[in-house]
Amino acid sequence: MPSQSLNLYLIIALSVFVALVLSVYPLPMDMRWWRPEFVLVVAIYWMFFMPLTVSFFFLCALGLFQDLLEGVPFGQHSLGLVIVGYICILSYQRVRNFSIWRQSAWIFVLVGIAQLTDNWVQGMAGRPLSGIQFLYPALTSALLWPPCSLWLDRLTHRHHH
Amino acid sequence: MMVLVVVGLYTDKLEPLREKLAQLVTPFYQITNVPTRVNDWRKDTFVSQADLKTENDALKTELLIHQRKLQQLASLAAENVRLRQLLNASQMLQDTVLIAELIGVSPNPLSHKVIINRGTKDGAFKGQPVLDAFGLMGQVTEVSENSSTVLLISDSTHAIPVQVNRNGVRAIAEGTGDLNSLSLRHVSANTDIRAGDLLVSSGMGDRFPVGYPVAEVLQVVRDPGKAFLTVIAKPMARLDRSRHLLLVFENRDRASVPGALNIPATTSASSISSSSSSSSSQGGAQ
């Protein structure tokens, strides 16, 4: 049993690490609007399926590290992660029974909310606000959800059986 | 969390913490840089002799052309020194530069920042000007031990003092958040500025060295309804393409700042002697 939970923690750490690397992988300037919120999607996955393993403290720390990594004001991503994390905790029992496409739609809403808080902090930092472009990551994140969740399902189920 | 955001944005109390922790993130940018390095390695390793020969020939031709230009430059530089001595101005010293490699691009689409592989270990400092082969790129805004963040001139929070190379009209070029355009702030309607003018750094504010190309004026719009001209310029530096950047270390002392043209005769006499003594040491560089 302890080795199994150790494995689970390893998988969580690995998935978060991969998401962080992907979140700063260099893209052409114009393509950057379309980058999915990898870290947020992975965090949402773990909030939905391991709500007792992932703490809010972990989300805060992860968000702060992402802020540091991307060079944005401290608190921007952790604010989004904590708000979305709270909604996930409230809704995970329903969302688990959704079909994968309904889950995708739900991811669109959640990432959209996180993008709103992101934009709000960026606005306070003096950046010009973008138009509808800020929702592009929500769209690509929703499209990323099916492959990402199926892949993480496979990783974790392999260890459950 | 909100408190953290506000404290981080409106005070600089979190800055020291951020500088310390910045070392933690360098490995991530090094990891994302691996594919580029592999590609470079592949290009260097699996290359045919014929290709190398062609490249070698091309480089030799190019070198010849540059050498011819350099011959003229030597006499021009000497003439420049003589003229400056006539004007009682001290001689402009050559800046030294350090080559840096780009290892990452800020993932935030609203900000134009890049990450380079030089940090405090190599002497990089906050506010240091950064060039590429074609013009001024930006300035260093955050430094950690072996990487630093460069804010590009096209970022919407960046402004740089420039002057028109043709007639010396000064202005401030602001980033617009668009990689291919800068806009000039508060240019009055009767200013002599037209499309095609080269804007060079003016050295005002002591942040950027004088005379590096910044942008080329693309378009000047005179709208009678507005108090100022709308001037759009295109950055000379290849902001989204250059991978090798130059960090500038300025060798000039305060006396050689262009404002020093007006210093009293006694001081300028001493600055001439200092410049003539330094010109002997600079002889090799020129």
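**Helix packing and the A–B contact**

Okay, let's start with charges: searching the whole structure turns up eight salt bridges over all chains. Keep in mind that this is a predicted model.

One of those salt bridges sits in chain B, where B:Arg243 pairs with B:Glu101, and the closest N and O atoms are 2.9 Å apart. I like this one, as it ties together distant parts of the chain. B:Arg243 is in the loop between β11 (228–235) and β12 (244–249) of chain B, while B:Glu101 belongs to strand β1 (residues 96–105), and the two are 142 residues apart.

Interface size is often quoted as the accessible area lost when the parts come together. Here, chain B and chain A bury about 3300 Å² between them, and 73% of that is on carbon and sulfur atoms. On the chain B side, B:Arg18, B:Phe28 and B:Leu110 account for 21% of the area that chain B buries against chain A, more than any other three residues.

Now zoom in on one piece of the contact between the chains. Helix α5 of chain A packs against helix α1 (residues 2–10) of chain B at an angle of about 30°, with the axes 10 Å apart. Angles under 35 degrees count as roughly parallel, so that is what we call α5(A) and α1(B). Their crossing is right-handed. From α5(A) you've got A:Trp120, A:Val121 and A:Met124, and they meet B:Met2, B:Val5, B:Val6, B:Leu9 and B:Tyr10 in α1(B). By class, that's eight nonpolar residues, no polar and no charged.

α5(A) also has a partner within chain A. Helix α4 (residues 76–95) and helix α5 (residues 100–124) have axes that come within 9 Å and cross at roughly 155°. Over 145 counts as roughly antiparallel, and therefore α4(A) and α5(A) get that label. Again, α4(A) passes α5(A) in a right-handed crossing.

Who's touching whom there? The α4(A) residues include A:Leu79, A:Ile83, A:Ile87 and A:Val95, and across from them α5(A) brings residues including A:Trp106, A:Leu110, A:Asp118 and A:Trp120. The residues of this contact split into 12 nonpolar, seven polar and one charged.

One last thing to look for on screen: A:Trp120 and A:Val121 of α5(A) are among the residues meeting α4(A), and both also meet α1(B).

Methods
Residues numbered from 1 in each chain as written. Chains lettered and ligands numbered in written order. Predicted model: local features only at pLDDT ≥ 70, side-chain atom pairs only at ≥ 80, totals over all residues. Heavy atoms only, no water. Axes fitted to C-alpha atoms, helices over the stretch in contact; angles between N-to-C directions. Helix = DSSP H or I, 4+ residues; strand = E, 2+ residues; numbered from the N terminus. Parallel < 35°, antiparallel > 145°, perpendicular 65-115°, else oblique. Left-handed = near helix turned anticlockwise from the far one by under 90°. Contact = heavy atoms within 4.5 Å. Nonpolar A, V, L, I, M, F, W, Y, C, P; charged D, E, K, R; others polar. Buried area = accessible area lost by both parts, 1.4 Å probe. Salt bridge = Lys/Arg side-chain N within 4 Å of Asp/Glu carboxyl O.
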